Amino acid sequence: MSRSSAYLSAEVWLGPMEGLRHSVSTGEAPCLIRIGRQAVDKKKGLKNQLVLPLGVGISSSHAEIRVVDGKIILRDVGSTNGTFVALSRVTEEMEGASGEVFLAGFTPIRVVLDKDPLPELPPVRPLAPGSWEPLQSIVLSAREAA
């Protein structure tokens with residue numbers, strides 16, 4: 001896959017913000033997607049590209065995904081609830097695979113490296129109050145099993 005024609009995408013896979021995504025060309029410098037609860041973490045001064053205000057267990061600055069030499073690199077940036085890949089907590093940088101789902105806190109996120117970006121979606125409509133609770137127990141059970 002050539003550097004100029006690839007895209008890194010991150011997409012919420014399940015939960016109240018399911019389908020929310022962000023894509024960036026690997027030709028851009030830096031090729032990075034920061035994930036957090038707020039658009040800007042005021043304490044760290046970092047801007048998040050994938051903003052998850054309704055994500056369960058998401059810190060103001062939670063994790064970042066980047067591409068280095070054609071490889072997907074995942075890093076937790078000091079989150080409270082952690083970042084998990086394949087049942088392991090991310091404590092240092094970790095290589096990921098395209099299509100893999102990881103947990104940022106309790107929020108599953110799928111990362112994709114492909115020649116095309118994931119298609120843009122209409123803005124996510126928040127779920128009605130109380131409608132996420134039945135699904136939340138499933139996500140929390142999966143997290144405990146991890």
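Modeller: Leu 74 stands opposite Met 94 in β11. Strands here are DSSP runs of E with at least two residues, and helices are runs of H or I with at least four, numbered from the N terminus. This is a predicted model, in which local features need pLDDT of at least 70, side-chain atom pairs count only at pLDDT 80 or more, and totals for chains, interfaces and linings use all residues. Residues are numbered from 1 along each chain as its sequence is written, and side-chain values use heavy atoms, with hydrogens and water left out.

Colleague: How many bridges join β8 to β11?

Modeller: Three bridges link β8 (residues 71-76) with β11, and the two run antiparallel. Two strands count as paired if DSSP finds at least two bridges between them.

Colleague: What is the order of the five-stranded sheet?

Modeller: The order is β6-β3-β7-β8-β11, in an open sheet with mixed pairing. Its edge strands are β6 (50-51) and β11 (94-96), each pairing on one side only.

Colleague: And which order does the sheet of six strands have?

Modeller: That open sheet runs β2-β1-β13-β12-β9-β10, with antiparallel pairing. Because β2 (21-25) and β10 (88-89) stand at the edges with a single partner strand each, one side of each is left without a neighbour in the sheet.

Colleague: How many bridges do β9 and β10 share?

Modeller: Two bridges pair β9 (residues 83-85) with β10 in the antiparallel sense. Phe 84 faces Arg 89 of β10 there.

Colleague: Switching topic: is Ser 25 buried or exposed?

Modeller: Ser 25 lies in strand β2 and has 12% relative accessibility, so it counts as buried. Buried means under 20% relative accessible area, exposed over 50%, and partly exposed in between, with a 1.4 Å probe and protein chains only.

Colleague: What does its side chain reach?

Modeller: The Ser 25 side chain reaches the backbone nitrogen of Gly 27 at 3.0 Å.

Colleague: What about Thr 107, buried or exposed?

Modeller: Thr 107, in strand β13 (residues 107-114), is buried at 6% relative accessibility. Its side chain reaches the backbone nitrogen of Val 56 at 3.1 Å. Beyond its neighbours within four places in sequence, Thr 107 is in contact (heavy atoms within 4.5 Å) with residues including Val 12, Leu 52 and Phe 102.

Technical notes
A polar contact is a pair of N or O atoms within 3.5 Å; within protein, one must be able to donate a hydrogen and the other to accept it, and residues adjacent in sequence count only if both atoms are side-chain atoms.
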